[in-house]
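Open the model in your viewer and keep the selection tool at hand. The stops below go from a loop to a helix and then to a cavity.

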Amino acid sequence: MLNIVYDMDDVLINLNNTVCDMLKIPLSTVTLYEIKKCPFLSDDEKERMLKAYARVETFQLARFNPGATRICDVQASGEAEVFIHSTSLTQEIADLKYQRLTSTIPGLKGTNINLVSGTHEKPVFVGTDIIVEDSLENMLKYPETTIKILVDMPYNQYENYGVDPSKHRIIRVTDLNSAVNMVDALVEYYRLGKNMQKVFSM
C-alpha cells in the first residue's frame, strides 16, 4: 500500500494567486517560499502578504484547483491511500480547511487529513511514499526514497535556492491535474509489480 500525501496551499487551492490578486502584487515577484526573504518584494508588500496568510477570509476566497476532486480516485486501485498534510497559522484556518476538504473531495477520509496549526514550519509526514508539494524547501526534507512531485511555481525554481536538480529525484509538473496524472501512473506502475525507483532511470 502506497501513502500518497498532498499539500493543500497552492497544490489543492490557489492560495498565492488569491493573495497576490487581492493585494495587486505580481505572483512573479514571489521568488522564494519564505516571503520575508523575497528580494523583489517591498517591506510593505511582505507585511501585507503575511497578514493575508493569517486571515481566515483569505482561505475562504481561495479556489480549489482543477484536479482536486480527482485525488482520491486512485484509492479504487486498492494500492494507495491519500492523505492531506498542511500547516495553518491559526486553528480557525485549520478548521476551515478541514470543512472545505471534507465537503469538496470525494473519498477523502477525515482521519487522513493532517492539519498542523499555529506554525508555518512544516514537519515531514512520516511514511510518505509519494509527496505532492509546491514548496521546494519542504520537499527536500523528505528522504531520497520518497518520490517527489513538485507543482511548478515562481517561488520553487531550483536556481533561486542553489539546488542542482540532477542531485534530487524530483518530478516537476505544471499543475495539479498533471500531478494527479503522474500519481495515477506511478500507482499503476506499482500495481504491476514494478520498482517505482526505477522511474528515475528510464
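Start by selecting Val126, which sits in the loop between strand S3 (113–117) and strand S4 (130–133); strands (E, at least two residues) and helices (H or I, at least four) are DSSP runs numbered from the N terminus. This is a predicted model, in which local features need pLDDT of at least 70 and side-chain atom pairs count only at pLDDT 80 or more, while totals for chains, interfaces and linings use all residues. Residues are numbered from 1 along each chain as its sequence is written, and side-chain values use heavy atoms, with hydrogens and water left out.

Val126 is exposed, at a relative accessible area of 75% (exposed is over 50%, buried under 20%, partly exposed in between; 1.4 Å probe, protein chains only).

Next, select helix H2 (residues 43–53), where Glu45, Lys46, Met49, Ala52 and Tyr53 are buried. Viewed down the axis of H2, these buried residues fall within an arc of 125 degrees, so they line one face of the helix; the arc is taken from the directions from the helix axis to the C-beta atoms. Show helix H1 (15–23), helix H3 (56–61) and helix H4 (91–104) as well, since the buried residues of H2 pack against them (contact means heavy atoms within 4.5 Å).

Last, select His85, Lys122, Pro123, Ile131, Glu133, Asn138, Lys141 and Tyr142, which line the largest cavity. A cavity is a set of points on a 1 Å grid over the protein atoms alone where a 1.4 Å probe fits but cannot get out, and lining residues have an atom within 4 Å of a point. The volume of the largest cavity is about 30 Å³, counted as the space filled by probe spheres set on the points.

Conventions. 1 Å grid on protein atoms, 1.4 Å probe; cavity = no way out; pocket = protein on both sides within 12 Å on 5 of 7 lines; lining within 4 Å.
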